[in-house]
Amino acid sequence: MSLQTPQGAKLPSSRQLAMELGVSRNTVLAAYQELIAEGFAEPRTKSGIFINPEILKQLSKTKNALQPRTPNSDGPVFKVKLDTPSTHPPEIHKPYYDWHKLKYPFICGQVNAKLFPSSTWIRYLSMALDPAHRNYSLSDDPEHDDPLLISTICRRVLPSRGIKADPSMILVTMGTQEGLFLISDLLFGDESTVAMENPGYPDARHIFLRSKANVVAASVDDSGLIPESIPMGTNAIYTTPSHQFPTNATLSISRRHRLLEMANESAMVVIEDDYDSELRYVGRPTPALASLATSEPVLYLGSFSKFLAPGLRLGFLVGPPSLIKILRQRQRYILRHPPGHLQRALGLMIEQEAYARHLRRYRSALKKSWQLTTDSIQEHIPWVKIYSTAGGTSIWVEVDASVDAESLASEALNQEVVIEPGNVYFLGDNPPTNFIRIGFGAIDANSIEPGIRLLGEIVNNHIGKMRCK
Ligand SMILES: Cc1ncc(COP(=O)(O)O)c(C=O)c1O
């Protein structure tokens with residue numbers, strides 16, 4: 001039996017249907033009661049049970065409503081607001097989701113899952129649900145971050161960057177990306193000019209453009225950002241002083257002071273993205289701009305993406321309490337707050353020193369990979385120019401002027417070598433095409449030398465092809 005039965009038709013008697021279906025009469029009676037309760041059938045005194053003609057009309061209306069509409073059809077049409085900036089610069093694009101299955105993933109911005117302290121993290125995730133901690137893990141509180149995490153950031157993370165901060169100056173974010181978005185969304189609009197390093201971090205550029213800001217370029221060299229190259233009239237500068245992204249140059253101390261002086265003179269906001277300062281292999285990490293600032297505030301963005309894993313989406317923002325308060329309120333209506341469970345687990349991990357131990361081990365593993373990558377490039381592709389390599393998780397390389405980095409990257413990918421073309425990091429319409437980024441944070445150390453050797457062959461073939469063109 002189905003509801004295709006004509007409208008208003010009488011249903012078979014319960015006795016007849018039970019015989020037909022070979023089930024008990026009670027089963028049929030129960031099914032009829034259900035149909036009546038849901039309005040599909042109606043009992044008529046002394047006549048039996050009938051299909052409700054009204055419900056069939058309703059069903060056919062619902063069916064029509066679910067038909068896809070063409071844009072010009074009748075009825076309300078939802079207008080999607082396509083919030084694409086008028087100029088649409090290229091984006092970082094990683095076409096290889098399963099990069100970890102490839103032989104030579106010199107991918108950037110990812111970590112080697114084998115170096116992640118899984119059992120330690122599981123221990124702290126579990127501890128965060130112990131009676132003493134579980135309320136902090138499970139509560140919904142958009143007005144406060146986890147007090148333990150905030151306190152450990154103040155006492156154990158920021159001092160290594162020379163920063164003294166009060167808990168009221170910290171907002172836990174779901175990574176630098178969210179912190180940047182909150183700042184840009186609040187502070188910038190079509191009347192703002194935001195400068196950023198060129199080459200620089202494309203995601204920051206996209207975020208500023210989405211706030212309708214005018215994004216302008218500031219130059220960099222081997223000592224990082226050149227403060228004098230920041231165009232006049234700039235309202236804010238976004239910079240990556242520890243390891244300039246993507247060249248890895250460290251901003252010299254004299255330039256740090258000069259930049260802060262300029263910021264004071266022109267009331268320019270400084271946004272310091274300190275995404276991987278602890279991953280330094282030569283000398284000591286340099287003091288953060290935020291630790292040197294005296295009057296004009298520096299908005300400082302910290303991230304656990306590089307030290308733990310980007311998939312955890314944990315970071316923080318340091319700024320004046322009044323700003324933090326407003327940003328927290330805005331965050332509330334986007335995602336309420338980063339998960340309490342993750343916050344408490346990370347707070348416990350930092351408090352009990354497991355985070356510092358992991359960082360030491362991780363830094364020494366990455367130092368080995370950094371050394372291997374640098375040595376292998378010098379051995380197998382000695383004629384390329386390697387930019388400053390005191391730290392970070394990738395190496396910025398300038399290849400022969402004939403190279404088209406995008407084609408080179410896809411030729412390399414065909415042989416399971418992942419590298420990133422550098423074009424996307426430049427501002428302006430005609431970026432140089434002969435820069436590549438070679439990441440060493442995600443690849444196994446023992447794949448580095450054979451991978452770079454193969455890359456050397458691929459680059460040589462590519463140059464041969466380009467020169468024959
Ligand atoms: C320049 C820069 N800043 C920050 C980050 C970290 O961002 P998030 O904390 O959102 O993962 C990255 C990650 O690749 C980066 O390259």
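What follows is a short chat about the predicted model shown above.

Reader: What kind of model is this, and how are residues numbered?
Author: Residues are numbered from 1 along each chain as its sequence is written. The model is predicted: local features need pLDDT of at least 70, side-chain atom pairs count only at pLDDT 80 or more, and totals for chains, interfaces and linings use all residues.

Reader: Which domains does the assignment give?
Author: Domain 1 (14-63), domain 2 (99-109 + 357-468) and domain 3 (117-353). The bounds come from an automatic or database domain assignment.

Reader: How many Å separate the centres of domain 1 and domain 3?
Author: The separation is 64 Å, with the centres taken over C-alpha atoms.

Reader: What is the strand order in the sheet of eight strands?
Author: The order is E4-E11-E10-E9-E8-E5-E6-E7, in an open sheet with mixed pairing. Strands (E, at least two residues) and helices (H or I, at least four) are DSSP runs, numbered from the N terminus. Two strands pair if DSSP finds at least two bridges between them.

Reader: Which strands stand at the edges?
Author: E4 (170-173) and E7 (224-225) do; each has a single partner strand, so one side of each is left without a neighbour in the sheet.

Reader: E5 and E6: parallel or antiparallel?
Author: Parallel, over six bridges, with E5 at residues 193-198 and E6 at residues 214-221. Ala195 has Val216 in E6 as its bridge partner.

Reader: Which helix lies across E4, E8, E9, E10 and E11?
Author: Helix H7 (residues 176-187), which runs at about 155 degrees to E10. Contact means that C-beta atoms, placed from the backbone, lie within 7 Å. Axes are lines fitted to C-alpha atoms, for helices over the stretch in contact, and angles run from 0 to 180 degrees between N-to-C directions.

Reader: Now the ligand. How many residues surround it?
Author: The shell holds 13 residues, and the closest are Gly175, Thr176, Gln177, Ser303 and Ser305. A residue is near the molecule if its C-beta atom, placed from the backbone, lies within 6 Å of it.

Reader: How does that shell divide into nonpolar, polar and charged?
Author: Four are nonpolar, eight polar and one charged. Ala, Val, Leu, Ile, Met, Phe, Trp, Tyr, Cys and Pro count as nonpolar, Asp, Glu, Lys and Arg as charged, and the others, Gly among them, as polar.

Reader: What about Lys46?
Author: Lys46 is not a glycine, yet has a positive phi of about 60 degrees. Most residues other than glycine have a negative phi. Lys46 sits in the loop between E1 and E2. Those strands, residues 41-44 and residues 48-51, run antiparallel and are joined by four bridges.

Reader: And H6 with H12, at what angle do they pack?
Author: About 35 degrees, with the axes of H6 (residues 147-157) and H12 (residues 340-351) 8 Å apart. The residues of this contact divide into six nonpolar, three polar and three charged.

Reader: Last one: what is the order in the sheet of four strands?
Author: E12-E13-E16-E15, an open sheet with antiparallel pairing. Helix H13 (residues 354-380) lies across E12, E13 and E16 (435-439), at about 20 degrees to E13.

Conventions
Two residues are in contact if their C-beta atoms, placed from the backbone, lie within 7 Å.
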